[in-house]
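Subject: Structure handover

Hello,

Here is the structure you are taking over. Please open it next to this message and follow along as you read.

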Amino acid sequence: MEAAMGLMRRIPPKHTETALSALLSLMPNHSSDLLSQVDQPLQVLCDVDCGKEFILCEYNRDADSYRSPWSNKYHPPLEDGSLPSSELRKLEIEANDIFAIYRDQYYEGGISSVYMWEDENEGFVACFLIKKDGSKTGQGRRGYLEEGAWDAIHVIEVGPEEEEDTNYRLTSTVMLTLTTNNESSGTFSLSGSIRRQMSMRLSVADGHLCNMGRMIEEMESKLRNSLDQVYFGKTREMVCTLRPPSEVAQMRMPES
């Protein structure tokens with residue numbers, strides 16, 4: 001299992017589904033562990049009851065059906081699917097509305113979904129998802145990418161309230177895939193994923209949504225900076241070393 005998880009951490013996100021399927025066939029006894037621990041690129045389904053798209057993941061799945069955050073119904077229909085309590089459902093509806101505004105401001109579109117459920121420690125867990133298709137045929141507004149996707153998964157474990165404070169534990173994963181194709185540079189593909197964790201003890205005076213929103217905003221800023229430095233920065237450094245710009249190459253040429 002440890003070797004399988006090490007392999008999956010090194011697989012590009014666009015090949016995750018194929019690699020996971022192969023591992024499931026090789027390790028059927030560990031299927032539940034693999035499915036729960038391996039983050040896959042997010043998929044989207046349309047809620048036919050309200051005409052809105054929602055994101056599929058392990059956190060809104062029951063058997064082979066997925067619960068929509070808009071109608072609170074499973075697709076395909078499932079009679080005995082698990083549902084959040086009425087109080088938590090109200091918080092989930094409010095979170096989806098607020099997170100949609102956050103998504104539009106930071107991502108200029110895309111699809112978002114928020115799911116909540118009770119845990120065994122008298123607290124609850126919230127999952128915030130964002131999927132942005134930046135390709136020419138998707139939601140890309142600038143047209144630079146032939147293919148491109150940004151998948152963000154934020155899972156926050158909220159502990160039971162103790163006096164006026166509570167513990168929040170955030171685990172965030174971002175999967176990035178992009179491909180460019182033009183005459184000057186040819187085809188270039190870059191993909192990777194990054195995961196980080198954060199724990200904070202905060203006052204509940206401002207409400208859970210304010211606390212979780214601030215944590216997600218701070219974490220996404222850190223993840224974007226890390227991706228820029230690790231993936232884009234290192235790639236730029238390697239490309240410039242192997243294929244220096246023409247003016248740099250001319251300066252290196254010996255004089256005749």
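The buried residues of helix H1 pack against H2 and helix H3 (31-37). In H1, these buried residues include Ala4, Met5, Gly6 and Met8. Buried means under 20% relative accessible area, exposed over 50%, and partly exposed in between, with a 1.4 Å probe and protein chains only. Contact, here and below, means heavy atoms within 4.5 Å. Helices (H or I, at least four residues) and strands (E, at least two) are DSSP runs, numbered from the N terminus.

Before going further, note that this is a predicted model, in which local features need pLDDT of at least 70 and side-chain atom pairs count only at pLDDT 80 or more, while totals for chains, interfaces and linings use all residues. Residues are numbered from 1 along each chain as its sequence is written, and side-chain values use heavy atoms, with hydrogens and water left out.

Helices H1 and H2

H1 covers residues 2-9 and H2 covers residues 16-26; they pack at an angle of about 165°, with axes 10 Å apart. Axes are lines fitted to C-alpha atoms, for helices over the stretch in contact, and angles run from 0 to 180 degrees between N-to-C directions. H1 and H2 are therefore roughly antiparallel. For such angles, under 35 degrees counts as roughly parallel, over 145 as roughly antiparallel, 65 to 115 as roughly perpendicular and the rest as oblique. H1 passes H2 in a right-handed crossing. A crossing is right-handed if the near helix is turned clockwise from the far one by less than a right angle, and left-handed if anticlockwise.

On the H1 side the contact is made by Ala4, Leu7 and Met8, and on the H2 side by Thr16, Ala19, Leu20 and Leu23. By class, the residues of this contact are six nonpolar, one polar and no charged. Here Ala, Val, Leu, Ile, Met, Phe, Trp, Tyr, Cys and Pro count as nonpolar, Asp, Glu, Lys and Arg as charged, and the others, Gly among them, as polar.

Thr16 lies in helix H2 and is buried, with a relative accessible area of 4%. Apart from neighbours within four places in sequence, Thr16 is in contact with Met8, Ile11, Val38, Asp39, Gln40 and Pro41.

Helices H4 and H5

H4 (residues 86-107) and H5 (residues 208-242) pack at an angle of about 30°, and their axes are 12 Å apart. That makes H4 roughly parallel to H5. This crossing, too, is right-handed. From H4, Leu91, Glu94, Ala95, Ile98, Phe99, Tyr102, Tyr106 and Tyr107 meet Leu209, Ile216, Glu217, Glu220 and Arg224 of H5. The contact has nine nonpolar, no polar and four charged residues.

Aromatic residues

How many aromatic pairs does a search of the whole structure find? There are five. Rings of Phe, Tyr and Trp (its six-membered ring) pair if their centres lie within 6.5 Å; planes under 30 degrees apart count as stacked, over 60 as edge-to-face and the rest as tilted. The rings of Tyr59 and Trp117 have centres 5.4 Å apart and planes at 15°, so the pair is stacked. Tyr59 lies in the loop between strand E2 (52-56) and strand E3 (61-62), and Trp117 in strand E6 (residues 111-118), so the pair ties together parts that are 58 residues apart in sequence. Tyr59 is partly exposed at 32%, and Trp117 is partly exposed at 25%.

Backbone points to check

A cis peptide bond joins His75 and Pro76, with omega about -10°. Pro76 is in the loop between strand E5 (74-75) and H4.

Glu108 has a positive phi, near 55°, in a residue other than glycine. Glu108 is found in the loop between H4 and E6 and is partly exposed, at 30% relative accessibility. Phi of Glu122 is also positive, near 65°. Glu122 lies in the loop between E6 and strand E7 (124-133) and is exposed, with a relative accessible area of 72%.

Asn181

Asn181 lies in strand E9 (residues 165-182) and counts as partly exposed, at 44% relative accessibility. Leaving aside neighbours within four places in sequence, Asn181 is in contact with Glu146, Gly186 and Thr187.

Regards
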